[in-house]
Amino acid sequence: MRLQKFMAYAGVDSRRNCEEIIAAGRVSVNGTIVDTQGHQVEPGDIVRIDGKRIFLPSAHTYVLLNKPRGVVSTVKDNKGRKTVLDIVEGFGNARLYPVGRLDMDSSGLLLLTDDGTLTQRLLHPKYGIKKTYLVTVRGKIDEKTAHTLSAGVTLSDGPTAPAEFVILEDRGEKTRLKVTISEGRNRQIRRMFEAVGAEVVTLERTEFGPLRLGRLGKGEYRPLKRHEVEKLKAWR
């Protein structure tokens, strides 16, 4: 396995950033600095970054994807549309599936894993895992309307739970907000804005529980780091 691939699988960073770390001379294999790309890591090799040893992940696979718009959050699509599994490659025989969904017109943080137990736990309503989005809407949202949305509005499937709607920027005909919800209803944020006469233009998820999208580019993905997996499993 190539060194940058080993590092990415170990949850260090995206493969592209791992190549930069190697080029900077921060990586050693069996005590020898490796600063060129393509070095092969053999079973039993000891890989360190800045002196700290890194390991491949455990039996389950956890992948953080920055889903682009126009991609569906399913394993297969009977309409022939591009799915998230058409993007995520290089994880062997792991049977990955998305934890929850982002609709096709939305982008941002999406967790994929083959850990069914953790998936069920993260999606169970009683845990109320928080999800944060950056949203641009067509229509003026003032503080009063933001407060109404935060308190909860009634949709076709019942009233929504309290949430956080924070105005970031008033662009006249459009408003940019930071939205945090703890429910997982179908197209919930879009429907909430529709309930107050506004239309979502762009919607990007930036946080999912303890996970952060960070600087991961559209269509890029990386394995979760060990401490991120531990935080997810400890989520209450």
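Helices (H or I, at least four residues) and strands (E, at least two) are DSSP runs, numbered from the N terminus. The model is predicted, so that local features need pLDDT of at least 70 and side-chain atom pairs count only at pLDDT 80 or more, while totals for chains, interfaces and linings use all residues. Residues are numbered from 1 along each chain as its sequence is written, and side-chain values use heavy atoms, with hydrogens and water left out.

**Exercise 1.** Determine which residues of α2 are buried and what they pack against.

Solution. Begin with the accessible areas, where buried means under 20% relative accessible area, exposed over 50%, and partly exposed in between (1.4 Å probe, protein chains only). By this criterion C18, I21 and I22 of α2 are buried. Next, look down the axis of α2: its buried residues fall within an arc of 100 degrees, so they line one face of the helix, the arc being that of the directions from the helix axis to the C-beta atoms. On the other side of α2, R16, E20 and A23 are exposed. Then search for contacts, meaning heavy atoms within 4.5 Å, and the buried residues of α2 are found to pack against α1, β1 (27–29) and β3. Finally, follow the chain just past α2, where G25 takes a positive phi of about 75 degrees.

**Exercise 2.** Locate S14 and list its contacts beyond its neighbours within four places in sequence.

Solution. S14 sits in the loop that joins α1 (3–9) to α2 (15–23). Its relative accessible area is 5%, and S14 is therefore buried. With neighbours within four places in sequence set aside, S14 is in contact with L216, Y221 and R222.

**Exercise 3.** Work out the strand order of the open sheet formed by 4 strands, and identify its edges.

Solution. Count two strands as paired if DSSP finds at least two bridges between them. The order is then β2-β1-β3-β4, with antiparallel pairing. β2 (32–33) and β4 (52–53) stand at the edges with a single partner strand each, so one side of each is left without a neighbour in the sheet. As a detail, β3 (residues 47–49) pairs with β4 over 2 bridges, and the bridge partner of I49 is K52 in β4.

**Exercise 4.** Describe the largest nonpolar core and the surroundings of F193.

Solution. A nonpolar core is a set of buried Ala, Val, Leu, Ile, Met, Phe, Trp, Tyr and Cys residues joined through side-chain atoms within 4.5 Å. The largest has 31 residues, and F193 is one of those with the most contacts inside it. Leaving aside its neighbours within four places in sequence, F193 is in contact with residues including V135, F165 and V179.
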